[in-house]
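Subject: Structure handover

Hello,

Please find the structure below, with notes on what was found in it. Could you look through them before you start work on it?

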Protein chains: 2
Amino acid sequence: MALKSFIDVLPNSHFPIQNLPFGVFKPEPSSAPRPGVAIGDYVLDLSEIASAGLFDGPILKNSDCFQQPNLNKLLALGRPAWKESRITLQKLLSSTEPKLRDNANLRQKALVPMNKVELLLPIAVGDYTDFFSSMHHAKNCGTMFRGPENAIPPNWFHLPIAYHGRASSVVISGTDIIRPRGQGYPSGTSPPYFGPTLKLDYELEMAAVVGSGNELGKPVNVNEAADHIFGLVLMNDWSARDIQAWEYVPLGPFLGKSFGTTISPWIVSLEALEPFACAAPKQDPLPLPYLAEKVSRNYDIQLEVEIKPAGVEDSTVVTKSNFKHLYWTLTQQIAHHTINGCNLRPGDILGTGTISGPEPDSLGCLLELSWNGQKTISLKGATRKFLEDGDEVIITGFCKGDEYTIGFGTCSGKIVPPLP
Amino acid sequence: MALKSFIDVLPNSHFPIQNLPFGVFKPEPSSAPRPGVAIGDYVLDLSEIASAGLFDGPILKNSDCFQQPNLNKLLALGRPAWKESRITLQKLLSSTEPKLRDNANLRQKALVPMNKVELLLPIAVGDYTDFFSSMHHAKNCGTMFRGPENAIPPNWFHLPIAYHGRASSVVISGTDIIRPRGQGYPSGTSPPYFGPTLKLDYELEMAAVVGSGNELGKPVNVNEAADHIFGLVLMNDWSARDIQAWEYVPLGPFLGKSFGTTISPWIVSLEALEPFACAAPKQDPLPLPYLAEKVSRNYDIQLEVEIKPAGVEDSTVVTKSNFKHLYWTLTQQIAHHTINGCNLRPGDILGTGTISGPEPDSLGCLLELSWNGQKTISLKGATRKFLEDGDEVIITGFCKGDEYTIGFGTCSGKIVPPLP
């Protein structure tokens with residue numbers, strides 16, 4: 001029988017005792033930010049748990065990593081510390097353990113209703129890297145921009161292509177996204193278009209949060225790369241397609257992306273995802289030895305994107321995809337990222353790139369769904385080619401088990417017009 | 001007559017009282033890092049000056065920004081604070097001011113011989129952006145890779161092209177650069193090349209250090225952009241040309257750059273550079289209104305690159321260039337970077353891109369000098385197409401005035417083989 005908490009958790013909750021994702025929150029608007037884990041409809045305040053001396057394992061006993069405004073210090077402690085915290089918290093929250101269950105005073109201080117708290121960016125992001133690891137997405141975009149013959153560039157099957165993103169504009173779910181201004185392709189001999197983007201898009205992604213880093217000059221072995229991942233979040237890599245199309249040759253995307261990237265507040269650990277691991281797609285050609293892993297794994301994480309236009313009651317699901325569609329695994333991404341000696345640091349995030357699947361309804365962005373504005377997408381009460389002001393985009397992700405769900409909550413953002 | 005310090009400064013010193021660049025250093029290996037300014041052959045310890053109560057201006061009087069391990073806190077205070085610190089320090093170090101000159105005890109504590117200190121990265125780098133603002137460099141690289149007809153892409157004259165670089169691997173001058181491993185183009189039907197890069201290169205750049213940032217969603221006006229720049233440093237954006245050539249389509253440079261970027265330790269303020277301001281090149285076509293500045297300025301900064309192979313006594317100057325060759329100005333770069341609402345933060349760095357000039361000896365990297373390995377470059381006691389293990393690359397930069405020199409010191413790094 002599945003482990004059970006003394007806290008009531010609804011059967012469809014994303015946050016059963018098997019999950020315990022980490023985040024950072026403020027219980028009151030005036031409180032200092034502090035780490036917490038989600039359990040059912042509550043957030044467990046880890047600063048209170050630490051103050052009460054309940055982190056009593058050998059690594060975390062005297063650590064101040066739970067008295068910090070972000071998780072970076074816990075992340076830097078490495079996998080043994082993360083495992084210890086998980087074991088401690090799963091025990092503390094279980095139905096058979098009296099320490100917290102029977103301590104009304106501590107429960108009162110440490111368990112805060114989730115709908116009362118403000119969730120914050122859980123990490124100070126050092127560097128943000130974005131990969132391009134869905135073959136379906138690469139093929140669709142390539143077909144649109146370079147034709148079906150040159151759809152996927154020859155390097156794509158040999159290495160997980162990536163670029164550096166902008167760390168400063170990574171924001172937490174719920175933050176409004178201001179429609180960016182910028183340049184677009186000139187038509188004829190006119191100067192380039194300039195104004196608010198006319199092709200604002202979402203990108204359905206997930207991101208790995210780097211836990212322990214590596215030293216400059218010392219690559220991470222692909223078979224040990226999982227130990228560097230603290231967990232995963234949902235990510236929306238908002239994109240202005242007209243800005244991106246005009247600027248990206250020859251140095252890649254820049255202002256078409258850097259106006260905002262939204263992540264979900266709860267970092268789900270690899271331990272919680274373990275029961276949902278599955279085989280990664282077969283790779284042909286075989287990857288070079290530094291990318292060839294003993295076991296190549298993905299996770300079966302169902303992903304959905306909904307759009308809710310302003311003034312429309314119901315949202316519409318526009319994408320249904322799955323993390324398992326990724327061609328390059330998270331561990332291959334890390335091995336590739338560091339093969340040149342590049343150092344990762346705790347709190348770095350590695351985006352997967354848009355996760356599109358093979359089915360028409362599994363395309364992970366409007367660029368693909370509307371085929372660059374050539375098709376119209378029907379929503380309840382509206383139609384779209386790209387996003388309009390007032391549109392809210394909500395990403396959800398979860399692993400469905402027989403006895404419980406491991407969920408990521410939501411990653412949402414609403415489009416607002418540019419400042420005057 | 002020029003302002004003079006009570007400290008002897010040799011006529012050719014990079015660091016007269018007119019310069020006073022900011023850095024961070026450790027006086028002893030066991031000391032905590034602290035801010036300092038360079039004066040002649042000494043470093044003035046600003047933590048000691050602050051402790052002695054000598055920052056007595058209205059903004060800095062009670063600030064702890066000089067008791068920090070980096071300059072980010074001072075940077076965040078903005079231009080009025082930077083100006084106040086400069087006025088205070090110029091007065092304190094002048095030959096007519098007795099406060100420090102006649103206080104033997106404080107002089108003993110606060111003035112440390114530069115050859116005794118360890119210079120550290122002066123800032124915690126949030127994001128590192130690299131522009132592509134030299135027309136000569138863009139034209140040469142484009143000619144090599146896409147032919148003379150498509151040398152400069154059509155967007156280049158409309159916007160200062162840039163990409164996000166890697167912040168974690170920005171290192172201080174003097175740090176060894178480990179030759180990166182990676183993939184290069186396959187030949188024929190073989191798998192891609194894999195191994196240590198065969199085309200290791202330097203790139204002569206300078207970088208603006210962002211002082212005060214901007215809020216997400218609020219672009220910086222091009223005519224106010226200079227107020228966001230704390231100062232400039234020399235930069236070497238080490239590049240592995242074979243890795244870069246194979247990986248960069250379609251998302252731009254990644255591992256070909258992210259193994260290391262070296263900056264010089266002393267940040268020279270715009271105030272110190274002001275006497276060396278000069279007109280920027282005429283731009284044709286006229287830039288869009290958000291990039292059109294009332295006065296468009298560069299600085300006359302002479303730049304040199306020397307290579308010193310291992311075991312060879314003398315270094316050889318391989319590049320003689322000048323900052324004034326840049327087509328896009330620093331202020332246009334900032335206006336463009338933020339036009340989409342992207343936020344800059346104190347400590348961000350904005351690289352200029354390789355600064356090549358029009359003359360054959362002013363090309364800013366070996367890729368251009370050797371024309372991608374087709375020509376051989378003669379050094380004293382050696383020849384090169386690309387960098388070999390043991391090579392030291394030393395960048396120098398300075399503005400030569402009638403009465404004094406405003407210099408940047410050096411930005412150097414030695415190539416070492418990859419770890420086994």
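In chain A, strand β1 (residues 22–26) and strand β2 (residues 34–39) run antiparallel and are joined by 4 bridges. Within this pair, A:Phe25 stands opposite A:Arg34 of β2(A). Strands here are DSSP runs (E, at least two residues), helices are DSSP runs too (H or I, at least four residues), and both are numbered from the N terminus. Two strands count as paired if DSSP finds at least two bridges between them.

This is a predicted model, in which local features need pLDDT of at least 70 and side-chain atom pairs count only at pLDDT 80 or more, while totals for chains, interfaces and linings use all residues. Residues are numbered from 1 along each chain as its sequence is written, chains are lettered from A and ligands numbered from 1 in the order in which they are written, and side-chain values use heavy atoms, with hydrogens and water left out.

Sheets

The β1 and β2 strands of chain A belong to an open sheet of 5 strands in the order β4-β3-β2-β1-β5, with antiparallel pairing. β4 (111–113) and β5 (118–120) of chain A each have a single partner strand, so one side of each has no neighbour in the sheet. On average, neighbouring strands are turned by 45° against each other, direction ignored; the axes are lines fitted to C-alpha atoms (for helices over the stretch in contact), and angles between N-to-C directions run from 0 to 180 degrees.

Chain B has an open antiparallel sheet of 5 strands, in the order β4-β3-β2-β1-β5. Its edge strands are β4 (111–113) and β5 (118–120) of chain B, each pairing on one side only. The twist from one strand to the next averages 45°. Strand β1 (residues 22–26) of chain B runs antiparallel to β5(B), and 3 bridges join them. B:Val24 has B:Leu120 in β5(B) as its bridge partner.

Interface

Between the chains, 55 residues of chain B are in contact (heavy atoms within 4.5 Å) with 55 residues of chain A. The area buried between them is about 5,300 Å², and carbon and sulfur atoms give 65% of that. Buried area is the accessible area (1.4 Å probe) that two parts lose on being put together, summed over both. B:His164, B:Leu251 and B:Phe254 supply 15% of the area that chain B buries against chain A, more than any other three residues.

There are 4 salt bridges between chain B and chain A, a salt bridge being a side-chain nitrogen of Lys or Arg within 4 Å of a carboxyl oxygen of Asp or Glu. A:Asp348 and B:Arg166 form a salt bridge through their side chains, at 2.7 Å, N to O. On the side of chain B that touches chain A, β7 (162–164), β10 (181–184), α7 (241–247) and α9 (330–338) of chain B each supply at least two residues. β7(B) gives the most, with 3 residues.

Backbone points to check

- A:Val249 and A:Pro250 are joined by a cis peptide bond, with omega about 5°. A:Pro250 lies in the loop between α7 (241–247) and β16 (261–263) of chain A.
- B:Asp284 and B:Pro285 are also joined by a cis peptide bond, with omega about 5°. B:Pro285 is in the loop between β18 (277–279) and β19 (297–299) of chain B.
- A:Asn372 is not a glycine but has a positive phi of about 55°. The loop that holds A:Asn372 runs between α10 (366–369) and β23 (377–379) of chain A.

Regards
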